[in-house]
Structures are given as C-alpha cells and as structure tokens.
Amino acid sequence: MIELLQGGAFLVNGTEIIPDTPDAQQAILSRTGKNVTREEAMEETIAYGILESHNTSGDMEKLKIRFDKLTSHDITFVGIIQTARASGLEKFPMPYVLTNCHNSLCAVGGTINEDDHMFGLSCAKRYGGIYVPPHQAVIHQFAREMLAGGGKMILGSDSHTRYGALGTMAVGEGGPELVKQLLNQTYDVDMPGVVGVYLKGEPVKGVGPQDVALAIIGAVFKNGFVKNKVMEFVGPGIAALSADFRIGIDVMTTETTCLSSIWQTDEEIRTFYEIHGRSEEYKELTPGEVAYYDGLVVVDLSKVRPMIAMPFHPSNTYTIEELNANLTDILDETEKRALVSLDGAVEFHLKDKVKNGKFMVDQGIIAGCAGGGFENICAAADILRGKDIGCDGFTLSVYPASMPIYMELIKNGCASAILETGAVMKTAFCGPCFGAGDTPANNAFSIRHSTRNFPNREGSKLQNGQISSVALMDARSIAATAANRGVLTPATEFDGEIGKYKYYFDSKIYANRVFDSKGEADPSVEIQLGPNIKDWPKMGALTENLILQVVSEIHDPVTTTDELIPSGETSSYRSNPLGLAEFTLSRKDPEYVGRAKEIQKAEKARVAGEHPCQVLPALKELMGVIQRDYPDVNHSNVGFGSTIFAVKPGDGSAREQAASCQRVLGGWANIANEYATKRYRSNLINWGMLPFLIEAGKLPFKNLDYLFIPNIRKAVEDKADVIKAYVVGEDSLKEFALCLGDLTDEERQIILKGCLINYNRV
C-alpha cells in the first residue's frame with residue numbers, strides 16, 4: 001500500500017523512479033542522454049520553481065518569501081489585525097480574506113462572536129480586504145473556489161491551509177507570520193527538503209481521499225519522514241483522481257507535519273478552474289525531465305482499503321477490515337494509549353462498544369475542509385439512498401463546505417437522499433473539527449470525515465469528568481456505517497453504484513453576499529470594536545538575565561496545541577488575550593495558570609520599580625544563592641517569569657495563542673527536546689519567547705524548580721551555540737546546558753525586543 005524510499009531518488013520523465021545510488025547517474029544518462037547532477041535535479045521539482053519565484057533574498061538556501069494572498073478565520077483575524085494595527089498598519093498590501101467559519105454559531109458568550117464578525121467586516125472595508133459572512137463557506141473551500149491559482153503561494157492562519165492539488169503552494173502558520181506579510185516583511189525559512197509522493201494505480205470502489213490520506217499519515221508521521229518538508233505529488237496515479245479526490249488527500253497532509261504540499265496539474269485541474277469561472281488561474285505544473293527528491297513515498301492506490309484513525313491521533317491508523325477482525329487487541333491497545341493521552345484523568349473504555357461481535361459507533365460527522373466536499377457528500381448520498389439511520393442513539397450530520405456546494409446538492413437530489421434517511425444537513429461550519437459543534441455524549445464514539453481526533457477536540461472536558469472520542473474515516477465508510485445503523489462498516493462492502501456527478505458552481509451566491517473591496521481601502525471607516533475585543537498587554541524586552549520557574553512539566557511523547565490552549569468554547573475569547581489566557585493548559589495541567597501568575601507577580605513588581613522580594617518573599621533566599629556566584633545580578637537586570645517543559649510540543653493547529661497565552665501570563669520560554677512543528681516554534685519566537693532545546697533523557701530540573709540563566713541577552717545577541725543555565729538549589733547552583741537552534745537575525749531581534757509588536761512598533 002505504502003512504501004518509503006529513504007536516501008533520495010530521481011524521477012525521470014515523471015514516471016520512472018531511480019534510487020540515489022552510485023549507479024544512478026549512469027541510469028539517468030542511458031534514459032535521457034544527459035548528465036544531470038543531484039544539485040541540478042533538485043532545481044527541477046515543482047516546489048523549487050514556485051519557491052524561487054517568491055523568494056526575495058537572492059539566496060535559495062535562506063528564503064525570504066512574499067506570498068500572493070492571505071486568508072484567516074474568525075478566531076484568528078482579530079488578533080492578527082490588532083497586532084498589525086499596533087505596528088502601524090494602514091492598508092492590506094495584498095488580497096486578504098477574512099472568513100467566518102469557526103465561531104459561526106454565535107452561541108457562547110453573548111455578543112462576542114458576532115462582534116468579532118463585525119470587526120472583520122469593518123476592517124475589510126477600512127484596509128481593503130474581503131469578508132466572507134458566517135455559514136457561506138469554510139475558510140479552505142472558499143480559498144479553493146476563489147483564491148487559489150497555479151504557481152501561486154497563499155499564507156493562512158490555519159494549519160490546514162493546503163491548496164497544492166490546485167497548483168498553489170500554501171502554508172498554514174500562526175498569526176504573527178501573517179502580520180509580517182501585512183507589514184511588507186517576509187516569511188523566513190531555510191530551503192525545505194522536498195519529498196515526492198508517487199501515486200500509481202487507481203482506487204477501488206468505496207475508497208475515498210481520506211482513506212489514502214490516513215494511509216500516508218500512518219506511514220510517515222511517527223518517523224518524521226516529511227517533517228517540515230514539502231510533499232510533492234507526482235506519478236501516473238494522479239490521472240485516476242478527480243480534483244475533489246486530490247483536494248481531500250491534500251488537505252490532510254498537514255497531519256504529517258510537512259511544511260506545505262504541491263501537485264502536478266493536468267486537464268482535470270484546468271476544468272476545476274473553468275467550472276469556477278477562473279480559467280486564467282490554471283497553470284500546468286510538472287517536474288522537470290529529471291527531478292530529485294530527498295525521499296519518496298510510493299502509494300499504490302489500488303491497494304488502499306477503507307481506513308480508520310483511532311483516538312487520539314490521525315496517525316493511529318488501521319484498515320477497517322483489520323480493526324473488525326482484531327477488535328479485542330486493537331481496542332485494548334487504544335485504551336492503553338489513552339492512559340498516556342488522558343493522564344488517567346477519566347476512565348476511558350471502548351471494548352464495551354462491541355455488541356454481538358460488532359463494533360458499534362454512536363455518531364457520524366461529514367464536515368469541514370476535509371469531508372464537506374461535493375464528491376464526498378454525493379458518494380455518501382448514493383450509499384445511503386433508500387436506507388435510514390434508525391431511531392436509536394446513532395446520529396449523522398453532514399456539513400457541506402460551502403453554500404455553492406450545498407446549492408448543487410439540493411439541485412441534484414443528493415441532499416434529499418441524505419435527509420430522508422434521518423440524517424441532518426447543516427451549513428458550512430468548522431465546529432465539529434475543533435469541539436464547537438456536535439459534541440457527542442459522555443463515553444460516546446464518533447466517526448468523522450474531518451481533520452483531527454486529538455483528545456477532547458470533539459468538545460468533551462476532562463476537568464468535568466467527561467470523555468468522548470473520535471475516529472477519522474472517509475465519508476463513504478461513514479455512510480456505509482450509518483446505513484448499517486451504527487455498525488462499523490467499510491464502504492467496500494457496499495454493492496450498489498457510486499455515481500459521478502457533474503458540479504455546477506453558482507457564483508451568484510458569493511456575488512450577492514461576500515464583501516469584496518477589490519483592494520480599495522477606505523480610511524474613513526471606523527473599526528467596530530465589541531467589549532470582548534482587547535488590545536495586547538504591554539510586553540517587555542528581554543532582560544540581561546532570567547530567573548524562570550518551571551510551572552508545568554509534560555512528558556507525553558507529543559503535546560498538541562489543543563492541550564496548550566483548548567479549542568471549543570474557549571475560542572470565543574481569542575479576541576481577548578487576558579480572558580483567553582485563563583484557559584491555558586486547563587485540560588492538561590489545571591494548576592498552570594495559578595503558578596504562572598504567581599511568579600509573574602515578581603516581574604510586574606520589578607517593572608513597576610518595586611522590589612520583587614516584597615511580593616514573593618521566597619525570592620530573597622533564591623537571589624542570595626545566585627549572588628554568591630553572580631554578585632552583580634539584582635532585580636534591576638534580571639527578569640522573572642515562567643517556563644514549561646514538554647518533550648515535543650506544538651503538534652496540530654497553527655493557533656498563535658498556544659504561545660501568546662503563555663506570554664501574557666509571564667512566560668519567557670519553552671524547554672523541549674524538539675518542537676513538533678515549525679509553526680509552533682515560530683509562534684514562540686514571534687511572541688518573544690525563547691525556544692530552548694535540551695538533550696533528551698538529561699532533564700536536570702523538575703516541576704516548580706527555579707532556573708537561572710545568566711547573560712541570556714548577550715547569548716542571543718552573540719548567537720551562542722550553547723547557553724549556560726542553572727537549577728537553583730537551597731545552597732548551590734547546578735549547571736546544565738540549553739541551546740536555541742537556528743535563528744534568523746530578525747528572529748533574534750524579535751526575541752530581544754520582547755515580541756513582534758515591539759519589533760515593529762514605530
């Protein structure tokens with residue numbers, strides 16, 4: 001099904017794979033008549049050409065990228081624009097789309113969600129942007145329909161910003177990276193590796209894009225095969241896939257931890273642009289005659305079978321057939337993994353879902369940027385046609401990804417086929433993907449064609465003793481399970497026909513409802529601010545020395561951004577930095593906020609000109625121990641704050657608040673063995689936090705210990721490779737080593753000044 005080729009490979013004429021061995025050059029010469037070096041072939045990937053055309057540095061090893069377009073949604077754009085306004089924003093310098101697909105329900109916190117929407121509309125008018133009202137489209141579907149273009153680059157403040165199937169290299173990052181683009185700065189990154197994803201064969205009936213995506217994720221996530229690299233989809237199998245099918249695979253590449261994705265394009269993609277009235281945006285993209293990839297993922301589409309990603313990660317993959325054949329063993333293994341993911345906070349069990357040898361699920365959801373596509377829902381309708389979901393506990397909800405899709409489903413009869421089963425169709429909304437819609441009952445098990453199944457991402461709350469869980473599946477197998485009234489069923493068991501439906505895009509829906517400034521700013525428009533929309537609190541510059549208290553210690557193999565700052569109803573407070581910060585680590589470490597605030601008292605006193613020991617008397621003895629070896633250290637040249645340790649933090653969402661909430665509470669740093677994604681590390685840096693690294697297995701401190709880091713400001717300025725730090729004991733200092741990894745000159749200045757706002761403030 002999936003084969004990984006380590007060590008690099010050449011691709012000749014887009015079809016023949018030649019592993020990078022000593023005989024490779026001779027093999028290439030015999031097939032092409034040309035001597036091609038590895039370095040020359042690296043420049044023949046699609047990714048290289050797009051990056052080169054957007055790079056402003058003149059150095060293809062150190063990229064400084066300017067994107068063509070930006071996109072955000074309603075739990076990110078307020079913070080982004082508030083940050084940019086504080087830095088002197090006058091006009092959006094490029095098309096910037098503000099969608100409203102996350103806090104769409106306006107059901108939590110009174111007026112605050114709709115206040116954010118009106119803020120977005122007023123900013124689109126004032127600064128020259130595009131505003132998509134709630135329920136019209138999820139962020140990524142609107143981008144596919146109206147923004148993507150061949151050879152273009154789009155930056156979005158959502159991790160699933162992926163439009164590679166349409167020939168657009170898209171990157172999902174935290175909000176500060178969009179702020180940089182709005183301020184005519186650049187996205188700085190080392191030239192990423194490019195991994196080829198070679199598709200061959202064609203899918204069997206009943207297999208959908210989520211099945212292919214989960215098979216790939218299961219093969220590459222845990223070994224980091226594509227981490228921070230570009231995935232480039234090539235090979236003869238692409239021709240067997242529709243545009244929607246490609247899009248469904250592509251959006252899930254985020255779960256591999258890759259940086260971005262790009263696909264070779266063909267007439268199928270040209271037709272996609274024609275259908276959407278944007279034929280001029282099509283560009284044929286293919287690798288050169290001889291292209292070199294740093295690794296290759298070979299996917300035989302004909303061997304992929306319906307997949308399921310069990311809780312609590314998209315990489316916990318099995319075929320549904322394998323699960324049904326080994327229920328006791330796999331469910332037992334899942335329950336054991338849950339002990340780590342949930343820290344034993346609640347009792348989690350799945351084996352009681354087995355009835356008469358069949359695994360029974362409680363809920364099905366087809367939704368969002370992954371599941372809500374036209375073909376997914378049409379296929380589900382065909383499988384469900386003439387069936388019913390029953391009148392017991394099982395429920396099924398379907399969310400088309402945009403109103404144009406919804407309209408066509410009504411016109412072609414697929415909507416009625418779904419509705420008559422007892423299922424419910426809802427408007428375009430991302431809520432089921434992050435815990436703001438269709439939260440299951442306690443101990444319920446949901447199967448979803450959505451993007452993630454992290455702990456509690458479906459909306460349950462460990463701190464309230466609640467647990468439900470999600471498995472990821474394709475819409476086709478969700479429909480087959482629904483037709484079987486909740487008995488887990490792969491769509492390959494469906495013996496009817498799954499039709500091919502022609503899609504007609506109705507542009508009038510957007511023309512009648514979406515505000516498009518056409519790039520014209522109107523400075524006379526007053527920005528509409530609700531009572532929950534707050535400015536960022538003032539953040540100080542990095543001090544000469546630091547005293548940090550470790551206020552949370554996390555030893556899970558991976559810590560997601562959902563665990564650092566929960567999603568769900570907390571998302572309503574993302575326009576209020578102080579309000580949102582109260583939820584930081586609330587589901588992982590409920591003591592974190594109180595501990596962070598306690599040490600923050602010392603820093604607030606220091607900044608106010610008071611003596612920190614007056615508010616925290618314990619610091620007096622601590623300073624005494626430090627001053628034995630560092631007599632010049634005093635409260636005038638040392639900053640006080642908090643840090644957390646996590647083995648591998650930052651998997652998942654691009655949400656900047658995973659970092660900024662720590663900063664608002666006085667966090668100065670994270671300490672980790674590695675960072676799960678570039679975007680989380682970038683978020684730390686942009687909020688003025690030190691992204692420390694420490695060698696795995698050599699942790700010299702424990703939770704609540706105090707750490708002293710002398711001369712940290714000079715170490716950042718001097719680009720020190722190793723940074724001396726100490727654990728402060730009762731009567732001595734215990735030395736250990738930290739490092740910061742590679743930082744650009746701009747990133748160092750951001751850290752020194754305290755945050756991106758300070759760096760840009762005029």
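Predicted model: local features only at pLDDT ≥ 70, side-chain atom pairs only at ≥ 80, totals over all residues.
Student: Where does the charged end of K648 sit?
Tutor: Over the ring of F221, 5.9 Å from its centre.

Student: Back to covered helices. What about α14?
Tutor: Helix α14 spans residues 374-384 and is mostly covered, with 10 of its 11 residues buried. Among the buried ones are F374, N376, I377 and C378.

Student: Which residue takes a positive phi just after α14?
Tutor: G386, at about 85°.

Student: Is T257 buried or exposed?
Tutor: Buried, at 6% relative accessibility.

Student: And L704, where does that one lie?
Tutor: In the loop between β31 (690-693) and β32 (706-709). L704 has a positive phi of about 80° although it is not a glycine. L704 is partly exposed, with a relative accessible area of 40%.

Student: You mentioned α9. At what angle do α9 and α10 cross?
Tutor: Roughly 95°. The axes of α9 (residues 243-250) and α10 (residues 267-275) come within 9 Å. The two helices are therefore roughly perpendicular to each other.

Student: Which residues meet there?
Tutor: From α9, A243, R246 and I247. From α10, E268, I269 and F272. By class, this contact has 4 nonpolar, no polar and 2 charged residues.

Student: New topic, aromatics. How many aromatic pairs does the count come to?
Tutor: The count comes to 20 aromatic pairs. One of them joins F312 and F348. That pair is tilted, 5.2 Å centre to centre with 55° between the planes.

Student: What does the pair of F312 and F348 tie together?
Tutor: Parts that are 36 residues apart in sequence. F312 lies in the loop between β16 (307-309) and β17 (317-319). F348 lies in the loop between α12 (327-341) and β18 (354-355).

Student: Are F312 and F348 buried or exposed?
Tutor: F312 is buried, with a relative accessible area of 5%. F348 counts as buried at 13%.

Student: What about Y675 and Y680?
Tutor: They form a tilted pair as well, at 6.3 Å centre to centre and 40° between the planes. Y675 counts as buried at 6% relative accessibility. Y680 is buried at 1%.

Student: Which residues do ring pairs link into a cluster?
Tutor: F92, Y96 and Y127.

Student: Back to F312. What is the peptide bond from P311 to F312?
Tutor: That bond is cis, with omega near 10°. Most peptide bonds are trans.

Student: Last one, N637. Where does N637 lie?
Tutor: In the loop between α24 (618-629) and β28. N637 counts as buried, at 13% relative accessibility.

Student: What is N637 in contact with, beyond its neighbours within four places in sequence?
Tutor: T543, E544, N545 and D632.

Student: And how far apart are N637 and D562?
Tutor: They are 35 Å apart in space, C-alpha to C-alpha. In sequence, N637 and D562 are 75 residues apart.

How values were computed. Residues numbered from 1 in each chain as written. Heavy atoms only, no water. Axes fitted to C-alpha atoms, helices over the stretch in contact; angles between N-to-C directions. Helix = DSSP H or I, 4+ residues; strand = E, 2+ residues; numbered from the N terminus. Parallel < 35°, antiparallel > 145°, perpendicular 65-115°, else oblique. Contact = heavy atoms within 4.5 Å. Nonpolar A, V, L, I, M, F, W, Y, C, P; charged D, E, K, R; others polar. Phe/Tyr/Trp six-rings, centres within 6.5 Å; stacked < 30°, edge-to-face > 60°. Buried < 20%, exposed > 50% of the residue type's maximum accessible area, 1.4 Å probe, protein only. Lys NZ or Arg CZ within 6 Å of the ring centre and 35° of its normal.
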